[in-house]
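Open the model in your viewer and keep the selection panel at hand.

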Amino acid sequence: MEAYIVTGYRSAVAKAKKGGFKNYRSDDLAVEVIKHLMSTVPDLDPKLVDDVIIGCANPEGEQGLQIGRMVSARALGKEVPGITINRYCASGLEAISIAVGKIKAGFGHVYIAGGTETMSLIPMTGYKLSPSYNAVMENINYTVSMGATAEAVARKYEITREEADAFSLGSHQKAAAAIDGGLFKDEIVPITVNNVFVKNGKRIESSHIVDTDEGVRRDTTLEGLARLRPAFKNGGVVTAGNSSQTSDGAAFTLVMSEEMVKKLNLEPVARLAACAVGGVDPLYMGIGPCVAIPKALAQAGMSLNDIEQIELNEAFATQALSVIKEAKLNPEIVNLNGGAIALGHPLGCTGAKLTIQLLNEMRRRDQRYGMVTACVGGGQGIAGIFERLN
Amino acid sequence: MTYRLQKAAVLGSGVMGSGIACHLANIGMEVLMLDIIPFDINDKDKNNPVVRNSIVNGALKNALKSKPAALYEKGFANKIRTGNFEDDFEKIAEADWIIEVVVERLDIKQQIFEKVEKYRKPGSLVTSNTSSIPIRMLVEGRSDDFKKHFCGTHFFNPPRYMRLLEVIPHEASDPGVIDFFMEFGDEVLGKQTVLCKDTPAFIANRIGVMSGVKMIELTEKYDMRIEEVDSITGPLIARPNTATYKLQDLVGIDTSDKVNQFVVETVDGDEYIDTLKGKAAPDFMKFLIDNKFFGRKSGKGFYERTRKKDDNGKTIINALNLKTLEYEPSIKPRLAAVGTARKIEVFSKRLSHLVDGGERENKFLKEYFAALFAYAANRVPEISDEIYPVDDAMRSGYMWEYGPFEYWDLLGIDKGIEIAESCGESIPDWVKALPGKGINTFYKLEDGKKKYYDLASESYKSVPSLEGFIILDAIRSKAPIVKNSECTVHDIGDGVMCVEFTSKSNAIGEGIGQGIQQAISKAEEEGWNGVVIGNNAKNFTVGANLMNVGMLAMKKEFDTLNQMVDGFQQLNMYIKTSKVPVVMATQGYVFGGGCEMSMHANSGIYAAESYIGLVEVGVGLLPGGGGTKEMAVRASDKFFEGDVKMPTLIENFRTIATGTVSTSAYEAFGHGYLLKEKDFVSANTPRNIAQAKEKVLEMADHFVAPTPRHDIEVLGRAGMAALYAAINEFRLGEYMSDYDVEIARKIAYVLCGGDLTSNQQVSEQYLLDIEREGFLSLLGNQKTQERIQYLLMNNKPLRN
């Protein structure tokens, strides 16, 4: 049975450790986004949701204790189950693909799928970095850091500092234009954050609303970017300026069977036509999409020319440029509204967030086929092809 | 009366103001620093506190960024609050000490003090950091209480590092206040306090002005290039590298010119300064000042750092040609007298040789010292009733190794008089009479004390500023308990011994090992209270004697090396577990083996200016004297039930693997070299041995020596995997070479207790054994031997 994406919403993406969600938990954030999503489909009884599938790249600490279950119970009621899944930066898209797969297998009719991540509250490598001794002795690069992989692809695919900085500038410019044009306004759930703090010895309560992506730097220039020091390698090309930002955010979609769509008389926006993952050398993890894209295209029986728009997660400018080069993507259709370098990359949330962004932009441009693709730490890639429905 | 100072207000936030604020925070005071609001504040920002405080906050920010660091530890910045003169002045009511550091203008300072009087709490101390304005003028119009609690406290730049603090009373100052600052400045601020009279420029700058102007005069007279003058007035005569003209560039030619002018204008009846009145400055001084070539801050002065590089990749430095007034590439002077003098290691002999020779550089120096001796002698009792404050001031304020009277002593009073008179200088009668009385030095060491010739009583008296110090030189005349080529063990009284290193750079070799061994076992057997390991050198130690280790490695004498390393490990364990307390007293470099020794000692008094580090990786080694083991012990001691442990392990690994050196003793706690429960910091470097002795006595009564441990938790393979992954990042980032990786993996192996398949408790000796094994295997590697050889030959590390 066909599975459809009925709708999707996201929070604004906030800068980790200094932005609007720096003290706000990602489970609370997920609950708010899902509640809002449900409010837009008033005919859907929350108890009909078969499962809540939550992508999360560091499910420990504040995101531990089965965040999937915590969120499902709080957002939809204790009767609704929840699961946490993890494929690092692909988690959000993977969640949608699992929901689609379950519906197609006949295991259920209604799924909430997406991801949530706080990078403010959980360290990038988790609280305890503890790789397997055997793994490390077999291949030291299984656990390689993302920055090192960005340098590795830059060297292998001959991406220069100038190219990377120019790409980064473009990302900021496109993102600024999109925000100024109000393009993300309808997909973002404004979140009210309540604060209690001590000022001059007194307990003060206040609140602020987060409703706009925070990462864009409107004053970025090539000269400014050129002044930044390499962040990961002596004499390297990857800087804080041409890398994705660490962020906090949540994004969820409603995935439903054809039967249920008809029953509730809903108008679905898209279907996931194909979704594939593949593995690459961990040291060159950034190139992951190059193996996932052909697989997905083959599944769908399509060629790259059929794809009208691509959201390619910008883990790093060197990585995105390597993928564009190696997979022969048309740069003109990639990241039309900027990418993670400007808008942020809340790991487990990103795949779902890009899906929502893509579908909305496809609607505005009246396009039929679009793709979300991302590289994944540890040496993987994911690509999902969406068909927009009228 | 004892004042308890807890809160300070610093008025003015310039380089000196913020430097002083930082140093007061260093010693634990809460500091309020205020400055003016910007003159050009516009209507829009009139009420914006960020703009109103922008001057003071900008200044503090600069101070916190300055290098060398103004704070002992970054976190101390939390002790400093800021504000402005208009909105926050009343907050000075909380301050126990208010120090004024605003611009050097009498009217402005007086306005400030008028305001201070309005808000200060009665009994609070008020001082000025003025370098030139007479203290008595600053208190005109002030109340009796204000005057009583007021004096000058003159710091030198940078306040954390420059040891001089001039304390200047005025007539109505309460003697109790002055005594307090002399003591507080010394014991708490860690300064050399010098009591000054309220005479222009006080002591250090008064002598400094004469010295600087004389250098310029002699440069012209002997037709010298500035590089030549700098080559004979720096380390050659026991003065800093900056010598004469580099110092001018560093201080700022405009700044020193202002001080010179001030002294010339305000001083009367000074035989040298009087000759300068109405005298035109040399053309080159006018050239520099008119063009605003003030030195480093303006990009050029006497020297100019160009952007060009020579064939060896070194930046080309230009020097001003004093005749043509053009900058030309600086030369490396090859003066005949310098070459021979440099080979004379005993400084008194070198000085004597320098002033005797017939070259123009000899004559230059002869005339300079003649003038210096005469000037200093004629200033007593004008600027100081005694001689020692003059020497103290020049040593601690100008970083000379000897003050004027101490230089004089090196030649002998008689020879100094002869030199001075042959140059036409006039020496006061009281000095000329001394040789006739059989007195040929201004100072002498007697009964473990340094004594000075007192002009008033015509007799030797103990230097009071040294009470509470243990100066090893002063007790050298007593028969040592142990003496060998590398160390001397002194009896420093009250049943305490002090092991003093005397080897080159205080490098640790077998002699030091034997000395410590003998001292401790003697202390154990004969019932001494304990042992201090400390010395008065600039640097405590550079670490183990690398030359010896390197030679043995190249000769492949690994059995000998194994014994040697085992011996050093056991020595450190003996320091830790002997029945008497062993307490360190350090300053300057505490590197490698010295750091390992400190980690094992039962306690330590570390001068704040101790630069501590396990630096072995630089020569391709791991700390092999128990340092790596001790880092494993310290990680284990930090673990707690439910702890993920890995971050602690990684932190300790990083410290060793990157050869981290602390930039102050306080920072060393953060690196894990020092431990809060046993180690202590002293702001006053020369007091550390005396304080370490006190610590021994305090511990001795109920001392229970620790025993070797068997409960050290190591993480085995799990830890190694995490550390290997971390090392891989350094390699990929090209911050480490392949050989660095090998060294780092060895360190990881030892820290984790080897490739154990689970967490386990192991003994100190087990860790020492694998540490020694790792050390020796690295030492057997050609690349390590190359690193050692390279460092010994070039005094900088090799990356291979």
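Helices (H or I, at least four residues) and strands (E, at least two) are DSSP runs, numbered from the N terminus. This is a predicted model, in which local features need pLDDT of at least 70, side-chain atom pairs count only at pLDDT 80 or more, and totals for chains, interfaces and linings use all residues. Residues are numbered from 1 along each chain as its sequence is written, while chains are lettered from A and ligands numbered from 1 in the order in which they are written.

Select chain A. Its secondary structure comes to 12 helices and 13 strands. Its C-alpha atoms fill a box of roughly 65 × 60 × 50 Å along the principal axes. Of its 390 residues, 57% are buried (20 or more other C-beta atoms within 10 Å of a residue's own; exposed means 12 or fewer, partly exposed in between; C-beta atoms are placed from the backbone).

Next, show both chains. Here 15 residues of chain B are in contact with 18 residues of chain A (C-beta atoms, placed from the backbone, within 7 Å). On the chain B side, helix H29 (residues 716–732) gives the largest share, 10 residues.

Now select helix H21 (residues 510–526) of chain B. Which residues are buried in H21(B)? They are B:Ile512, B:Gly513, B:Gly515, B:Ile516, B:Ala519, B:Ile520 and B:Ala523. Viewed down the helix axis, the buried residues of H21(B) fall within an arc of 165 degrees (taken from the directions from the axis to the C-beta atoms), so they line one face. Their cover includes strand S18 (530–534) and helix H23 (558–577) of chain B. On the other side of H21(B), B:Glu525 and B:Glu526 are exposed.

Key: Two residues are in contact if their C-beta atoms, placed from the backbone, lie within 7 Å.
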